[in-house]
Amino acid sequence: MSIEKINLRKLLQLLYADNRLQRSLLLADIRSDRSKKDGENSAGGDFYGPFWADVKDHAAGRSDISRQTELRIASNKARARLYPILRDSFLEMWTEKMRWRNEPFEFVPTSVKAQLPINELGTIVKIENTAAIRTWDGSHRVLYPYFSEAPALPEEGARLGFQILKEALPNFNLEDFRIIDMQRRVYYRSTDIGMKGNERELLLKKYDALLRLWRSLGGGR
């Protein structure tokens, strides 16, 4: 992770973490960046990537997420605590909140991803690992997952997320996007929480403060 070129979900986590967690995450990023510069290989990988791949396969009818979760845990015991929580969260939302699932739909075959330059700050926010669906009436649902245990994603954070998605993916309507806080089983729609019109200004203010703190801790050197 680089604070100056960062995935949206990680940016939202940092922007809404409390002071202690925010500082800890930034210091971890600085250590990781220095290790990479020294030629050291980073350990591990995307912890949540396999789970999200299983979500998409389940929704497409290609596999069963309950069985896949068992297999994922068997191959990596580090997943034993969180993967069942994520599985149960998804299944509850799939049943109760993603109501379009009872209508004919298909997955968009091409990956929906983008990079949004924030020119005022000289940064880039990356949009990756979405799930895009075309419903029976030709409309779309672009699902974007937020996985972090802490902090919970507040409505304000969801509004900033929608602002970034809207700017990064102009071929979709704002109403097409869904942001899912997987740990809390919260399914955000812009029509439910409402946009206030100050999202861009708020994003720049909070992101700038984050960059200043990161640099004060030794980031970017």
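A nonpolar core here is a set of buried Ala, Val, Leu, Ile, Met, Phe, Trp, Tyr and Cys residues joined through side-chain atoms within 4.5 Å. Buried means under 20% relative accessible area, exposed means over 50%, and partly exposed is in between (1.4 Å probe, protein chains only).

Before you click around, note that this is a predicted model, where local features need pLDDT of at least 70 and side-chain atom pairs count only at pLDDT 80 or more, while totals for chains, interfaces and linings use all residues. Residues are numbered from 1 along each chain as its sequence is written, and side-chain values use heavy atoms, with hydrogens and water left out.

**Stop 1: the main core**

Select Ile 3, Leu 11, Phe 162, Leu 165, Leu 169 and Tyr 207: these have the most contacts inside the largest nonpolar core, which has 45 residues. Now colour by element, with helices (H or I, at least four residues) and strands (E, at least two) taken as DSSP runs and numbered from the N terminus. Two or more core residues come from each of helix 1, helix 2, strand 3, strand 4, strand 6 (140–146), helix 6, strand 7 (177–181) and helix 8. Helix 8 gives the largest share, seven residues.

Zoom in on Leu 165 and show its contacts (heavy atoms within 4.5 Å). Setting aside residues up to four places away in sequence, Leu 165 touches Leu 8, Ile 127, Tyr 144, Phe 177 and Ile 179. There is also a second, separate core of 21 residues; pick Ile 73, Trp 94, Ala 131 and Ile 133 to find part of that one.

**Stop 2: helix 8**

Select residues 199–216. Helix 8 has 18 residues and reaches 26 Å from first C-alpha to last, close to the 26 Å expected at 1.5 Å a residue; that expected span is 1.5 Å times one less than the number of residues. Show side chains for Glu 199, Leu 202, Leu 203, Leu 204, Tyr 207, Leu 210, Leu 211 and Trp 214, which are buried in this helix. Among the elements covering them are strand 1 (5–7), helix 1 (8–16), helix 2 (19–37) and helix 6 (155–168). After helix 8, look for Gly 218, whose phi is positive, near 110°.

Which residues does Thr 123 contact, leaving aside its neighbours within four places in sequence? They are Glu 4, Leu 116, Pro 117, Ile 118, Tyr 207 and Leu 211. Thr 123 lies in strand 4 and is buried, at 2% relative accessibility.

**Stop 3: helix 1**

Slide over to helix 1. Eight of its nine residues are buried, so helix 1 is largely enclosed by the rest of the structure. The buried ones are Leu 8, Arg 9, Leu 11, Leu 12, Gln 13, Leu 14, Leu 15 and Tyr 16. Their cover includes strand 1, helix 2, strand 4, strand 6, helix 6 and helix 8.

**Stop 4**

Switch to cartoon. Five strands form an open sheet with mixed pairing, in the order 2-5-6-7-8; strands pair if DSSP finds at least two bridges between them. Strand 2 (105–107) and strand 8 (186–189) stand at the edges with a single partner strand each, so one side of each has no neighbour in the sheet. On average, neighbouring strands are turned by 25° against each other, direction ignored.

Strand 6 and strand 7 run parallel and are joined by five bridges. Axes are lines fitted to C-alpha atoms, for helices over the stretch in contact, and angles run from 0 to 180 degrees between N-to-C directions.

**Stop 5: charged pairs**

The structure holds 13 salt bridges, each being a side-chain nitrogen of Lys or Arg within 4 Å of a carboxyl oxygen of Asp or Glu. Start with Arg 62 and Asp 57, whose closest N and O atoms are 2.9 Å apart. Arg 62 is exposed at 58% relative accessible area, whereas Asp 57 is partly exposed at 24%.

Next, pick Arg 67 and Glu 70, a salt bridge of 3.1 Å from N to O. The two sit three residues apart in helix 4 (residues 65–75), separated by about one helical turn. Arg 67 is partly exposed at 46%, and so is Glu 70 at 47%.

Finish on Arg 189 and Asp 192, which meet in a salt bridge at 2.8 Å, N to O.
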